[in-house]
Amino acid sequence: PGAGEDEVGRPRRIEALPVGVRVARVACGLGFSACLVSSGQVLAWGLNDLGQCAREDASVVGSPTLVRGLAGRGVQLVAGDAFVAVRTDGLEVWLWGDGEACCVEEARARPKRLDALVGSPIRDVAAGASHVVAVRTD
């Protein structure tokens, strides 16, 4: 089910993902989910009222949809209540969704590089309800 539909009592395959797409990581927020696939692309679905699915044209995204505008190949994915953060193979952190929670007001429905970390290669990220923590390589 998509956002707003009844809960599912047992695990099931997400039919909207093409057969053969390998999910590497999954992250969930309040009413939305995102997955990082083996190609490094990110898909998101569910509530999108703060841009957490990286779409400007819908308040709910009913099935996994490609997140566009992410530079580099995603290697790590985390989510807070209403935002997503991705660490790329270029050791940068990109954010979208509730910009206020991430201190990146303009992030909203399009990925934005966290410029405060440019020049600081990042090896790990974690998220809480309304914050992100990054660990540098040094």
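Let's start with Val-23, which counts as partly exposed because its relative accessibility is 39%. Keep in mind that this is a predicted model. Val-23 sits in strand E1, which covers residues 23-28. Together with Val-21 and Val-26, Val-23 makes a nonpolar surface patch of about 220 Å².

Now hop over to Val-42, a residue of strand E3 (residues 42-47). Val-42 has a relative accessible area of 1%, so it is buried; the cut-off for buried is under 20%. What does Val-42 touch, once its neighbours within four places in sequence are left aside? Its contacts are Ala-34, Cys-35 and Leu-36, then Thr-65, Leu-66, Val-67 and Leu-70, and finally Leu-77, Val-86 and Trp-96. As for Ala-24, it is 18 residues away from Val-42 in sequence, and their C-alpha atoms are 10.0 Å apart in space.

Cysteines next. How many disulfides does the structure hold? The count is zero. Cys-28, for one, is in no disulfide: the nearest cysteine sulfur belongs to Cys-35 and is 9.8 Å away, while a disulfide needs the two sulfur atoms within 2.5 Å. Cys-53 counts as buried because its relative accessibility is 0%.

Here are the accessibility values side by side:

| Residue | Relative accessibility | Class |
|---|---|---|
| Val-23 | 39% | partly exposed |
| Val-42 | 1% | buried |
| Cys-53 | 0% | buried |

Note on methods
Residues numbered from 1 in each chain as written. Predicted model: local features only at pLDDT ≥ 70, side-chain atom pairs only at ≥ 80, totals over all residues. Heavy atoms only, no water. Buried < 20%, exposed > 50% of the residue type's maximum accessible area, 1.4 Å probe, protein only. Patch = residues over 30% accessible without salt bridge, like charges linked within 9 Å, V, L, I, M, F, W, Y side chains within 5 Å. Areas by Shrake-Rupley, 256 points an atom, 1.4 Å probe, with all protein chains shown as cover. Salt bridge = Lys/Arg side-chain N within 4 Å of Asp/Glu carboxyl O. Helix = DSSP H or I, 4+ residues; strand = E, 2+ residues; numbered from the N terminus. Contact = heavy atoms within 4.5 Å.
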